[in-house]
Amino acid sequence: MNTMKYLGLVICVALLAIKAKSVQAVCGYESCHETKSNMVNIHLVPHSHDDVGWLKTVDQYFYGHKNNIQHAGVQYIIDTVISELIKNPDRRFIQVETSFFFKWWDEQSETVRAIVKKLVNEGRLQFTNGAWSMNDEAAVNYQSVIDQFTVGLKFLDDTFGVCGRPRVGWQIDPFGHSREQASLYAQMGYDGEFFSRMDHNDKGRRMNDLALEMVWDASESLSDVKLFTGLLYTFYWDTPGFCFDVHCSDDPIIDSDSYDNNVKSRVDDFIAYAAQVAEKFRTNHIMIPMGGDFQYEDAEVNFKNMDKLIKYINERQSSGSKYNILYSTPACYLNSVHKSVQSYPNKTLDFFPYGSDSNSFWTGYYTSRPTQKRFERDGNHILQVAKQLSAFAELSSARQKEDLEYLRHIMGVMQHHDAITGTEKQHVSDDYDRLLYDAIVGGVNTARDALRKLTKLPNGEFESCLQLNISTCAFTKDSADNVVVTVYNPLAHTTNQYVRIPVKNENYQVTDEKGRMVASEVVPVPWQVLALEFRSNDTQHELLFKATVNKIASYYIKKVDSKESVNNVVNSLKKKTNAETYDDEETVVQTSLIKLAVDNKTGLLKRVEMNGVSENILQSFGVYRTYDSGAYVFRQYNQGDFVIQEDGVEFTIYDGDLVKEVHQHFNDYISQVIRIYETKNMVEFEWLVGPIPIEEEFGTEVVTTFSSEISSNGVFYTDSNGRELIRREKDKREDFDPELAVQPTSGNYYPITSRIALQDSNKRIAVLNDRAQGGSSMKDGQIELMLHRRLVRDDGYGVDETLNEQKFGQPLIARGKVFLILNAADESTSVEREAEKEIHLPLWKFFSQNSGSSSSAAKFVPSFDDFPQSVHLLTLEPFNDDEVLLRVENFKDHIEGKVVSFNIRPIFDYLNGVEIHETTLDGNLALSDLKRFKFHAEGSGVRGSEAEYYTSSHKPLSANQSQDASEFAVTLYPMQIRTFIIKIN
């Protein structure tokens, strides 16, 4: 900030301090400017869209570094906006990305903080959206979205109180919009949301039907989650021709007595534009955003010209103009719309995929940067583990709290619509990896501190191995003798899961905490993994055993002579190379629950039997050869350029007692292990893809395919952010006819964040995944998921870089898992739900040396096994020094599940609870204070004449320790989430 501005700021502070005594501050809707009922009210919304990383890293954007890449410095934006807001009480500005504001606030003096608080208390600076970042909506899991809103809104509440709480969602840049996001907004008590990207055909139809604003019915299971949703008229950038920013070259308003005076033409042009906009909306209010990417770095330029625009447009009212223009915010605009009491069209599905033209469906980013998408899930995994353990162990040191908070913050950054999407530049991706790795290490350290209090190993190392996916672990690379594996279960219910430990090829014995033998076996690591150049091959086998875990369990491994050994080393039972031929047609592998048949001629899986159902399921890999796909967009070059491998697969079978494995080699860059475990009712496919070959002119995009004989008639189901399923129909959309002639495949791709399924009247298959991917069903009975992409061109949407990731000096290799469940069509899909939870939050493994356990009594950890089977422990975390946040969810939907009731007094007592109260989903607003705008949907009965509101549909729980246990009863409807703050002693 220059010296003059700083002096001005100081003088203004003095003036404000005097004035503050006489004015009673109001924020929220009461601070909105008056509108005029007989005019078109133009709500001018000053804003800056500040990506939390994209072309530059988070820090480069904040500090204004590397402006040769993109001129952007968020700290200067906030500095100059604050000094401009002070000058004129009519001015307004919305602050959206809380992560940047938090960073800025941290560096301010008490004087500046006092000014900002005054601006917030008077509604002049309004927080909008309020999450840590403006999250993507395709690749995110609902748990991480809730978490990043919780951390953003908590900072605003702690800093500004009720005046800092946002009332509307502002998702103006994400590339498509999910129904679950709208549902979460409603559950947080938001009054509505706005966005600006929608399929070009959908938008065209909505323009004609005055349907740019709608009531989104955001859940099939929950009744009151209807949310007003509005699409911006053009985009989130300024009105064309009226960008009054230092980055722009549009004409300023010149009102001097000179030849250059342009007031008349500027006002004429703006009113003409406003008239166009007004034709497309149902009330006499329109919202016109004034801002764009990283604008307002010298806010005086913007505000000085907007002041003039407002002055001269409103002066025309005296000569009959019907236009009234005012500084406003999305919340103030929505408040005016709500008061206008109109009816709006209903929306029930979502806004995927987003097509910006008939050749550009933004479906590539559903898969782009697959290892980063997986790493984000690992971050969430350790975050939930560390939060729960912190609450149980009552960790309270400054470092422990800082480490946990940092992990929360970085996970918030990772949800950003250029982070988890994979649509950032490579150096930014590298920085996200660095941030997340550091944050995960902090989370791991926090968990270790907790486990030293909660187990009988007060000196345990409790080390984590972050490369178990390629079977390496520093802790066991020399020996697994006398190693203790402590596993933590973040789920509510006792779980049975197989644990795999990288070991040398020796004999081992595994025992549980009571000294009982646990069956185990040693299986070889696939040679394709051993061949990874960057992998140290100290261990070439894995020790495997089944762990049964309530919350925490430890297993003891010791090396033994072969005669003492209870585990068997599994040798290959059957090998098939391309050169060999077999007389018999198939090889069968089976457990007590599942039977698989592999075709001896092709080497492919051809049949699955489980749950009393048999189906011919051919699993393979396919390749799209693409010309102009990019990080955002998946574009097929021509229909003949998609080939599924039909034969030539070499395979080896390992037939253990606990696991059966089929190791398949497809080609130089694709291999896979198919596994079935004893007592586990799903088939696991662990794929390894890369380095993907490309040609000079063509990229390669790899999919896994499951082809069955199920007559699905073009219908399939995909999850919405890991929660409810949405019915999809090939080539169809809910509200319009899509243009699919040019890109029929890409235009049928949807984001799959946890599962995709299809069925007929007899059978159903579901494929579950371990990270976000794009997927579809292009043929009846067939499911495909895109695993990995390596491209040769940029797609022209701004990142200006080819998606061609290199790691360890070669093209990126990715490894991951998908899971198959085959069932009768009339069986409940509950098993898929339960599998989803276990895949998303499996056991976390910690390693220590067995130096003998101490006799010191460990602090007992509570069991949640008395929760009904469909109840998920969604969140348990320290909230404030004397508060814990608890979130419980009935994760079954209205078809699978039922209303359940249970009592949370035991967990309240365990935490030394003093009192408890229920809040909205984000934990920051008492549920008893919920009052949310209700809008009338067309066809839903008679519209009233007064503005309506939603309040809580049930009596919010509120109790204290002196009350009877019956006051702690919780009822959950299918898909309902309830959030509580427990004040502790």
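1. Starting with a hole: the residues lining the second largest cavity split into five nonpolar, four polar and four charged. For the classes, Ala, Val, Leu, Ile, Met, Phe, Trp, Tyr, Cys and Pro are nonpolar, Asp, Glu, Lys and Arg are charged, and the others, Gly among them, are polar. That lining has 13 residues, and Val341, Gln342, Lys934, Phe935 and His936 lie nearest the centre of the cavity. Its volume is about 100 Å³.

2. Some ground rules before going on. This is a predicted model, where local features need pLDDT of at least 70 and side-chain atom pairs count only at pLDDT 80 or more, while totals for chains, interfaces and linings use all residues. Residues are numbered from 1 along each chain as its sequence is written, and side-chain values use heavy atoms, with hydrogens and water left out.

3. How cavities are found: on a 1 Å grid over the protein atoms alone, a cavity is a set of points where a 1.4 Å probe fits but cannot get out, and lining residues have an atom within 4 Å of a point. Grid points are joined across faces, edges and corners, and a volume is the space filled by probe spheres set on the points. Counted this way, there are 11 cavities of 30 Å³ or more.

4. The largest cavity comes in at about 170 Å³. Its lining has 18 residues, with Arg377, Asn769, Glu836, Ile839 and His840 nearest the centre. By class, that lining holds four nonpolar, seven polar and seven charged residues. Helix H12 (370–393), strand S37 (763–769) and helix H16 (830–840) each give at least two residues to it; helices (H or I, at least four residues) and strands (E, at least two) are DSSP runs, numbered from the N terminus.

5. On to the disulfides, meaning pairs of cysteine sulfur atoms within 2.5 Å. The count is four, and with the bonded cysteines numbered in sequence order the pairing reads 1-3, 2-6, 4-5, 7-8.

6. Which cysteine does cysteine 27 pair with? The partner is cysteine 163, at an S to S distance of 2.1 Å. Cysteine 27 lies in the loop between helix H1 (3–20) and strand S1 (40–46), and cysteine 163 in the loop between helix H6 (142–160) and strand S4 (168–171), so the bond ties together parts that are 136 residues apart in sequence. The torsion about the S-S bond is about -75°, so this disulfide is left-handed. Cysteine 163 is buried at 18% relative accessibility, where buried means under 20% relative accessible area, exposed over 50% and partly exposed in between (1.4 Å probe, protein chains only).

7. Cysteine 243 and cysteine 248 are also linked, with their sulfur atoms 1.9 Å apart. The S-S torsion here is 50°, making the link right-handed. Cysteine 243 is buried at 7%, whereas cysteine 248 is partly exposed at 26%. Cysteine 465 and cysteine 473 form another disulfide, sulfurs 2.0 Å apart, and both are buried.

8. Finally, the overall picture. The protein has 17 helices and 53 strands. Its radius of gyration (over C-alpha atoms) is 29 Å, close to the 30 Å that the globule rule gives for 985 residues, so the protein is as compact as a globular protein of that length; the rule is 2.2 Å times the number of residues to the power 0.38. The C-alpha trace spans about 100 × 70 × 60 Å along its principal axes. Buried residues make up 64% of the 985.

Definitions and conventions: On a 1 Å grid over the protein atoms alone, a cavity is a set of points where a 1.4 Å probe fits but cannot get out, and a pocket is an open set with protein on both sides within 12 Å along at least five of seven lines; lining residues have an atom within 4 Å of a point.
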